[in-house]
Amino acid sequence: MTTQMKEKRDSAPTAPTPIVQLEGVEQHFGPVHALGPVDLTIGRGEFVSIVGPSGCGKSTLLEIIGALQDPARGSVEVDGAPLTGPRRRTAIVFQESATLPWRTVVDNVAFALEVRGIGRKERRERARELVELVGLGGFENHYPAQLSGGMRQRVAMARAMSTDPDLILADEPFGALDEQTRMLMAEELLRVVERIGCGVLFITHSIQESVLLSDRVLVMGRRPGTFIDEVPIDLPRPRMHAALSEPSATAAQERIWAQIRAEAEVAMVATRSTP
Amino acid sequence: MKARSSVVPSYVRPTPRRVAGLPSPAWTVVLVAGLVVAIELYARSGAVSRLDLIPVSEMVSRSVELLGDRDFVVGALLRSVLLICASFTASAVAGVAVAYVMARSRWVHRAVKPYVNVFYALPIFALYPVMVVMFGTGVVPIILLATLFSVVIVISNALVGFESAPPIVTKLALSLEMSRSQQLRKILLPSALPDILAGLKLGLAYAIIAVLATEFILATTGLGQVVNRAYNNFNTVDMYAGIVFVSVFALLANLALGAALNAFDWRRR
């Protein structure tokens with residue numbers, strides 16, 4: 001299934017217009033300088049992760065690209081056009097599972113299509129395919145309360161896929177899951193994203209996860225967050241968990257950890273000395 | 001013996017399925033039946049005047065007779081039921097609407113919340129002379145008082161529901177560019193529904209109380225007035241029959257509405 005996708009992926013860096021292009025983006029909340037200035041380019045079909053210490057502005061950056069908040073400074077272009085509001089083909093996967101507890105799995109997945117006025121029959125058909133794709137076949141008529149955390153996050157993933165996105169913004173989507181489920185979900189996400197070939201901006205605390213998933217890992221420094229390193233990950237695709245033990249992968253993990261550790265230590269000392 | 005030696009405190013232990021050889025729910029019935037039999041025997045013993053108390057069997061048979069009385073059914077029962085329905089519907093619609101506006105506007109919330117908080121400290125039935133002066137003794141003051149009395153419990157419950165929509169779902173709505181009416185129909189209302197339903201159940205109980213009590217003090221007919229007239233005329237049989245009828249009626253109405261509303265409650269699925 002992946003030869004076609006691989007071609008698309010390999011040609012991604014040379015594609016004409018990148019899906020996301022940020023220049024000099026900054027965010028301030030009152031007196032707090034939260035983010036930036038940040039420059040960022042994400043190619044079409046490219047998988048980019050951001051790792052960084054807590055509170056460095058990763059989520060803020062993601063919400064700016066998703067048009068959930070406006071930047072204080074800088075320019076944001078998505079798909080070659082300046083961002084004016086939420087975009088139809090940008091899908092956001094949130095940290096907690098934003099499933100609607102009063103809807104069944106299939107109606108949750110169909111929610112975004114329903115909001116956009118797609119007919120009942122069509123959206124249910126599409127939702128059923130996606131439920132199958134994320135491995136929840138047989139659970140179509142269950143309610144979120146009857147599912148595990150991992151399964152709920154699969155529902156949120158399927159809903160994000162439903163609107164045929166060309167860009168997925170994921171804000172620590174597996175943050176609330178246990179380690180094993182997390183790794184399984186990461187592999188699952190790779191499989192699904194490779195199928196539809198969209199660009200992904202993935203925010204995570206887990207260095208392993210970022211190396212396993214990404215074409216490129218960006219390391220963000222402490223607040224106000226700016227990128228302090230960019231680590232390309234040259235592992236062949238499709239990747240499975242075993243790829244993490246390859247020498248280039250372990251080297252990448254070491255390099256990212258060294259950067260974050262230095263930042264986190266300074267940040268900890270800074271917070272300790274200001275009571 | 002074994003259960004008695006348990007180290008788990010009794011208040012966290014599950015209710016036992018059987019107590020002293022009977023299923024637990026059966027004891028509820030036994031208690032009520034015992035009380036009824038005790039009143040029956042006391043009334044028949046001659047220790048109490050028939051003006052004060054009559055046997056339960058007479059109360060029940062008279063209240064069943066009342067159901068065959070056309071004047072009672074049309075003049076009192078039907079009229080009270082219609083008044084209750086009108087007040088309940090008005091308070092349900094107005095209550096949810098007011099709560100929605102409060103949830104949406106900080107100013108309205110600030111302006112209205114203090115009144116909602118202290119409303120039930122007000123002895124609302126003391127307003128009835130004002131109502132009579134302004135609207136006479138017809139149906140208008142009854143509906144007004146009953147609606148006012150039940151709307152507040154609907155408002156406060158619906159408000160809890162609207163305000164407990166998780167922020168992450170609000171972000172989802174924002175990212176999907178949902179319109180205000182879509183947010184209301186597809187997120188806020190379903191999310192608040194279990195709390196709204198809880199408010200509606202209480203709202204019906206309050207509407208029944210208010211209609212019957214208002215009829216008691218200011219109407220010329222209706223269920224409440226039937227009891228009041230019998231009471232004023234020393235007609236103890238009709239008075240008790242009316243009380244039994246009204247109690248059973250209110251209980252059944254509440255149970256029926258509760259069962260109907262629970263079918264919509266997604267937390268109970």
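This is a predicted model: local features need pLDDT of at least 70, side-chain atom pairs count only at pLDDT 80 or more; totals for chains, interfaces and linings use all residues.

I began with Asp238(B), which I found in helix H10 of chain B, a helix made of residues 236–262. I then looked up its side chain, which makes a polar contact with the side chain of Asn235(B) at 3.1 Å. Setting aside residues up to four places away in sequence, I noted that Asp238(B) touches Arg62(B) and Ala230(B).

I stayed in helix H10 of chain B for Tyr240(B), which lies in that helix too. Tyr240(B) has a relative accessibility of 16% and therefore counts as buried. Which residues is Tyr240(B) in contact with, leaving aside its neighbours within four places in sequence? I listed Asp52(B), Leu53(B), Ile54(B) and Met59(B). For one of these, Asp52(B), I also looked up the separation from Tyr240(B): the two are 188 residues apart in sequence, and their C-alpha atoms are 9.9 Å apart in space.

Next I went to the loop between helix H9 (223–232) and H10 of chain B, where I found Phe234(B). Phe234(B) is not a glycine, and yet its phi is positive, at about 55 degrees.

**Nonpolar patch and helix H6, chain B**

I then turned to the surface of chain B, where a nonpolar patch is formed by Leu127(B), Val130(B), Val133(B), Met134(B), Phe135(B), Val139(B), Val140(B), Leu144(B) and Leu148(B). Together these residues have about 750 Å² of accessible area. Which helices each supply at least two residues of the nonpolar patch? I found that helix H5 (128–135) and helix H6 (139–163) of chain B do. Leu127(B), a member of the patch, sits in the loop between helix H4 (106–118) and H5 of chain B. I put Leu127(B) down as partly exposed, because its relative accessible area is 32%.

While on helix H6 of chain B I also looked up Thr147(B), which lies there. Thr147(B) has a relative accessible area of 14% and is therefore buried. Not counting residues up to four places away in sequence, Thr147(B) touches Ser87(B), Ala90(B) and Ser91(B).

**The sheet of chain A**

In chain A I traced an open sheet of four strands, whose order is S2-S1-S4-S5 and whose pairing is antiparallel. Its edge strands are S2 (32–42) and S5 of chain A, each of which pairs on one side only. Going through the pairs, I noted that five bridges join strand S1 (residues 20–29) to strand S4 (residues 73–78), the two running antiparallel. Within this pairing Leu22(A) stands opposite Val76(A) in S4(A). Two bridges join S4(A) to strand S5 (residues 81–82) of chain A, again in antiparallel fashion, and here Pro82(A) in S5(A) is the bridge partner of Glu77(A).

S4(A) and S5(A) form a hairpin with two residues between them. Asp79(A) is in the loop between these strands of chain A, and its phi is near 55 degrees, a positive value in a residue other than glycine. With a relative accessible area of 34%, Asp79(A) is partly exposed, because that class lies between the limits of 20% and 50%.

**Gly66(A)**

My last entry is for Gly66(A), which has its place in the loop between helix H2 (58–65) and S4 of chain A. Is Gly66(A) buried or exposed? I wrote down buried, because its relative accessibility is 6%. Its contacts, leaving aside neighbours within four places in sequence, are with Pro86(A), Ile92(A) and Leu169(A). I also looked up how Gly66(A) stands to Glu188(A): the two are 122 residues apart along the chain, and 23 Å separates their C-alpha atoms.

Methods. Residues are numbered from 1 along each chain as its sequence is written. Chains are lettered from A and ligands numbered from 1 in the order in which they are written. Side-chain values use heavy atoms; hydrogens and water are left out. A polar contact is a pair of N or O atoms within 3.5 Å; within protein, one must be able to donate a hydrogen and the other to accept it, and residues adjacent in sequence count only if both atoms are side-chain atoms. Contact means heavy atoms within 4.5 Å. Two strands pair if DSSP finds at least two bridges between them. Patches are made of residues with over 30% relative accessible area and no salt bridge: like charges are joined within 9 Å, nonpolar side chains (Val, Leu, Ile, Met, Phe, Trp, Tyr) within 5 Å. Accessible areas come from the Shrake-Rupley method with a 1.4 Å probe; for residues, only the protein chains shown count as cover. A salt bridge is a side-chain nitrogen of Lys or Arg within 4 Å of a carboxyl oxygen of Asp or Glu. Buried means under 20% relative accessible area, exposed over 50%, partly exposed in between (1.4 Å probe, protein chains only).
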